[in-house]
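Q: I'd like a close look at just one part of this model, please. Pick a chain and talk me through how it is put together.

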Amino acid sequence: MKKKFFTGKLLLSALLMFSSLCFARGQNEEPRTMANILYESRDRFDVDFIYQANTLPPLKLRFDITKYNSVESFLGELLVPYELKYKKVLAKAYVIYKSSEELRKLTAALEAGNYPSATSISGNDRGAIANQLPISGTVTDQATGLALEGVSVLVKGTTKGTYTTASGLFKIDVLNANSVLQFSIVGYQSKEITVGENTNLQVGLLSLSQSLNDVVVIGYGTKKRKDLTTAISSVTAKDIAALPVADAAQALQGKVSGVTITQNSGAPGGTGGTGIRIRGISSISQGNNPLIVVDGYPLPDQNADNVLNSFGTGDIESIDVLKDAAAASIYGVRASNGVIIVTTKRGRAGKTSLTVDMYAGIQNAWSLPTMLNAKEYAILNSEARIASGLPVLPKLADAGAIESQYGEGTDWLDEVFRRAAMRSVNITASGGSEKAQYLFSAGYFKQDGILYNTDIERFNLRFNGDVKVTDKIKIGNSLSLNKLTERGADTYSAFNSVILLALTSPPTVKPRNDDGTYAGGNGSTDGFNEPNPIYQLEVPNNTFTKYRITGNIYAEITLLKGLKFKSVFGADFNYQENRNFSPATPSSGGRPILFTGYFTQKGLYPDYLAEYTLTYDKTFGKHKFNVLGGYTYQENKYSFVNASRGNGVFNPVIPVLNSQVLTVTDISQIGNAAEDGINQRFISYIGRLNYDFDDRGSFGISVRRDGSSNFAPKNKFAVFPSFSASWRLSNEPFLESSAWVDDLKVRASFGYTGNPNVPGNIFLQAINQSFQYTFGNSVGSGGIVNATAPSRSFNPDIRWEKNEQLNVGIDGSVFNNRVGFSVDVYQRRSKDLILSVAFPFISGTFEPIPYNTGTLQNRGIDLSLNGNIVSSRNFRWNANAIVSTYQNKVISLGLSAPRDNGFARIQGGSLRTSLNLPIDYFYGFVTDGIFQSQAEIAKSAVQTAGSDPTTSTAPGDFKFKDLNNDGVINNDDRTNIGNANPTFTYGLTNNITIKNFEITLFLQGSQGNKVLNFTRWYTEGGVSNGNYSNKVIERWTGPGTSNTMPRLILNDPNQNARVSDRFVEDASYLRLKNIRIAYGLPAKWAETMKVKNAQFYATAQNLFTVTNYTGLDPEVGGGVDIGFYPQARTLLLGVNVEF
Amino acid sequence: MKNSLRNNLLLLTMVSLIFTRCKEDLLQIDPTIPINSVDNYYKTEAEAIAAVNATYTPLSAIYNGAAWHLGDIMSDDTDLGGGGGGDGLETAELDNFSVTSFNPIIGTIWAQCYYGVLRANLVITRVPDVPVMSDAIRKRSLGEGRFLRALYYYHLVRLFGDVPLYTNVITVQESSEIERSPKQLVHVQIIADLKLAETLLPATTAGNNKGRATAGSAKGLLASVYLWLGDNTNAALKAKEIIDNRATYGYDLWTDYGDNFKLENENGKESLFEVQYRSGGGQFSDFGAGQKLNTFFAPRAQDIVQSSGYGWNVPTRNFADRYEKTGTTYNTIIDKRRNASMWIPGDVFGSYTQAAQLVGSPNGLNVKKYFIPIANTAGDNGGWTSAQNIPILRYSEILLIYAEAAGATAGKAFADQVRARAGLAPLPNGLSATQYRDAIYNERRLEFAFEMHRWYDLLRHPDPNYFVTIMRAAGKTNVLPKHRYMPIPQGERDKNSRLTQNEGY
């Protein structure tokens, strides 16, 4: 039975079966008084009624409450025949009255917190209670002392009650001193107080720790945080909205323990990508991006780390991060890198609002290196040329003349960086009735890059709706439409990155001639022939446009009490277009664009989802069960066409491939027209059981069986089970009465997840068509024949990478919930890693093939701490700190050999993955100071293998350590010289409220991470004829002058610039990531302005960064800095108005 | 109300059924771009031919990147020249008998031979099942498969002795577990393959098929194998069969020895089998379709070939002194083969004159065979490689195999044919058997200069220590009996623990 339970068809027949059972209630009601009917209806609609006892007619009625879905339709049918009216006066209370006089009296009394004694809240047969003892009091938050509005105050054993006013006041009459008052409100622990002698009660309610009571999205369902048995961290709308970022992933930085967020680039709009690593790196070759689930839709993995920047951040209600395997395993084979669940905002019944949030600001680069000025450059360039035996460039021979001609010279960094604007508008309308709720939003975001001529523009629309079709059926949808356009520049390539060009362009070269035409370096006069960066930013037109529609509809049917069937259908259409147009443009620099070229790629990535789940909630006494079963199907396809055309001299204005403007002779090249497509399907079965005993112990089991088309035929399916359990110590007798422990829970979990990125079709032995042989006596290059043979073997056993994770955690809340904490300790082991394995050539093949071999381990601790530091009426300070630390280690490479990870301009690579060390550690030489004398060179190892040390090495050159003591420095003398993994990362968020001011201070940092600063490779001399950093002024010029900065010599015969610890820097940093000061308009003023709320705010981002790192920005994705787009310092002003 | 509820449910159920596709065979997706896999290939004649063609391609790399280091430089014929220092360390290891199991040249020939073996096995096992195919081409293809497999195993067995022997399509797993077979078994397989190949292959090829193996190629290789094994009876029989039927195969000697090495004479009348090259392809690669010997052998840095020449394969004095000459200097050599084989000081080509001493060449000697001058754009169209084929078997070798295997009485006349073309007098009569063999050995040395035969001639000598004696005499004091076999590449042994190492490595 259980097995069948998981198949889709049976699910449906079960559904049909239940449908005949479940709608046959609500007949044959006994006649009751109207008061009785109202009393019964309270539970159904979760409201209270206020009326004078004698208002109701003394009748008995037959009335079927269950027919009604909304309180208003119920009241309408019940009251109207008796000429009674009703009006909603509080969130959950209606006044029932005959005359408007009566209404006015009751509401006035209510507002004053003073019920007329003849008034009853709801009623029973006895009608109004005769009250003898008037009680009044104030209800406050026990921790903050703030008045609590809307607290329900009920006389125990009766239905008599009231609500507190805005200032926390209540008045109620009770029978006598033995009466007990019950105080309750959502988010607080309920309290009962025996009235006693005191008629003026000061009641403090204990806030349920905010996080404990939060609802957490757990994948195919939700759960209260306090009930969690797994490791899940969350960020709410408030945290996200406070940051002026386009990519929600950036809002997670420093907010969620165990999640390392690295902005790969400061390019506007997060287009450069934001690396999200949950608990370290789990795969060597198959991607480390977490699965991103938006409103239940697992987005297809495009191996891009800027997926979230297509969605409007203003729409996000919460982001939940599933960290341990037990939490993530419900997403099975796609979850080994963790899961990020994004939930967007939805409308709420009765709460209609229109919110406008807009801000505008400016950004600028916060730290740029200082380069040599024209005169210094002329002197030092000549020095470097003389040292290597080259003639001095005539243009630079006379430094004095250079100074008088160029002054300081061109400041290229100043030329390419600018002050840039950014603005954002977000409008959200939401509301609805009991039956239907909606949310519309529209957002516009435009950010100019601090790099000249780069920008991003995004437009996004959202429509989320929910409709109750009947009591049992609910349908709804989420839909988002986005367009994002990026105008980018090359800031990532090792050769033509604009930032590198700006760093190295000589100050004695100008970007433009006097007539406005482009200038630039010229090989013959400047010895520098690289493109002019200004020209690179202005002329080639590189745009990227992404159109994305992501949506789903769902239907949820309640089959029986607690049993719900839900089906979801979704689609994600992602269309992307790249256009790179480079028109022929004259320049007096060395690199004019001689021919017009155009390249375009258009790709469509459609993805479809169908999902059916059945959930059952049941409570038997102290036993609470939640069961989930389901089936999902997802298919994605990826197809693109690219085409280019080049070497043409066609009209530069119309960058279109088949432009009619072209004449035949212009069409010199049309190339690379290609279409490709990749299909992938997933078929999955899911199951989960959660059991809770008496709020004391819980356990959960979840299983997902995933099938992927990528896997070898015999390994199509993978099963990912997990187990988790928790024990709430605070509900045990020995802690229940503890004065300072409010909540304490220990958790443990173990489970499996997977990585499905198996290279497609590797289970087939493909035929390679690229061999060449020739027959016939053709001369020259003729006679080539087709020659085809397998060049790789195949792996019929290829399967997913498997991740197993053990997690132990403690959650707690102490000192009246003033301090909350959560600690998780974990060990993740990624097994069956897919690595390329070279097999013996005896096999007749030579290409290594992907094989499941190798193991990687991450061990770490996630810590988060929340404290209400000050909680007084006018001054509140809440702080939230997180610290994450992990250690990454390669346990086994199995059949595979150590991997070197190259970087274009560094021979032999700069990163290596080998046993017992973290992935991609820096691999290079170790320096041992600078040679101060020829004698020192003579007694040291030969510095450049195969060369004559008397000519290749001179005093002033680096001395590299001969690690293997073989007398020569060669590749065998390279070693581990550090890695990019931080010792720990941390974040500290402070929320301070002083009267109407809210101040948010967010500090974030990373400690112990190293960066291989390769910008210095270009700017500290030796390899380029371009400009140098001003640090070279402190170079070695004679014995004792420097032990860190080598002599200046062009062509670098000693290879001082080889990958070595010279370039490895500690890039620890502490950053004031964000500071935001908001002023909320006092309620009275807001009222006069006819708005519900209005808030004005000022935000500064990256206001300061404390670091010893010398590059542009210490936050470097991947650890090798080749001059990435630095993050900007941003100052902005905004306003948030709710109508 | 209840009705609408039912309707909704019904609708939902229908919608669900439409969208639900839970058939698990959906997980089988055909690639958008069809992938030719070993399982679905070999279905047409064109595919069969392409598979055969790929079986030839390892020859390009073997003869570009390994055969001359082993056959010539390791022997007493040539030494490593080049620029000195660290230039060509892997070749120097061979030259100086300090070779280790990490030597990349050894690795190259091992790997390339096995690529050829697998491809030949694919041809031999799959071509019979190609549904529609002309019988002639099916026969030819199977013959080519057999011939090439024999040729690759012949290279392997001569260099390594016992080697893994397989004739099926091997899996990765099997390749990691296969053991070495005794060399006798390998020889049995080679002979069986060649005997089949000579019946399957056509007598001649023409037009665009020139360069494919022929029945003569198979017979010639078989004669060579017998000679290698010391089976003189069969070697003589097989060689004689070719000589007697030379009209059928169109074999004859070129009048001028040098005609063998001209672009226009490729696959000519004296050729039984040669590696086919074209120019331009595979810049700086051993593995392309172009031949790199022109660049590697030409006088170093003299700009008479593209890329100016590396002078890596430099004739020894020991070799150059074998030529008959009237005086004491090399310009008195009377052997006509010298000028087509070797640069000597004073040789003039256009405005170029070979110097008495060059970088890497202390005696001013360089290999001239395969020389395509810089101006010959048909042979070398500006790239780094040339179109000149490399001979594997020439008719003159058949004559010399017979001359050697048949003994002086029956064979001398055939050796004299070869000598006559070189402008030399017949061998003297009345030589003892040993003297006669020494004379043939000498003849082969000069006739096949720089054709990568010499090392194997040293090895196959009836005196098992012959190569040690000769190489010691040539000044290679490191040489040891173990060098009869090269080390099994360590990389292969790392991946297949069952591969034993040859003694002494």
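A: Let's take chain B, where buried residues account for 60% of the 505 residues. "Buried" here is under 20% relative accessible area, with over 50% called exposed and anything in between partly exposed (1.4 Å probe, protein chains only). Bear in mind that this is a predicted model: local features need pLDDT of at least 70 and side-chain atom pairs count only at pLDDT 80 or more, while totals for chains, interfaces and linings use all residues. As for bookkeeping, residues are numbered from 1 along each chain as its sequence is written, chains are lettered from A and ligands numbered from 1 in the order written, and side-chain values use heavy atoms, leaving out hydrogens and water.

On to the fold: chain B is built from 20 helices and 8 strands. Those are DSSP runs numbered from the N terminus (helices: H or I, at least four residues; strands: E, at least two). The C-alpha trace of chain B spans about 120 × 50 × 50 Å along its principal axes. Take the contacts (heavy atoms within 4.5 Å) between residues at least 6 apart in sequence: in chain B, 67% of them join residues at least 24 apart.

Chain B exposes about 18600 Å², with carbon and sulfur atoms supplying 52% of it; the areas come from the Shrake-Rupley method with a 1.4 Å probe, and for residues only the protein chains shown count as cover.

Last, the charges. Chain B has 51 positive and 52 negative ones, and their mean positions are 2 Å apart. Lys and Arg count as positive, Asp and Glu as negative, with His and the chain ends not counted; each charge is placed at NZ of Lys, CZ of Arg, CG of Asp or CD of Glu.
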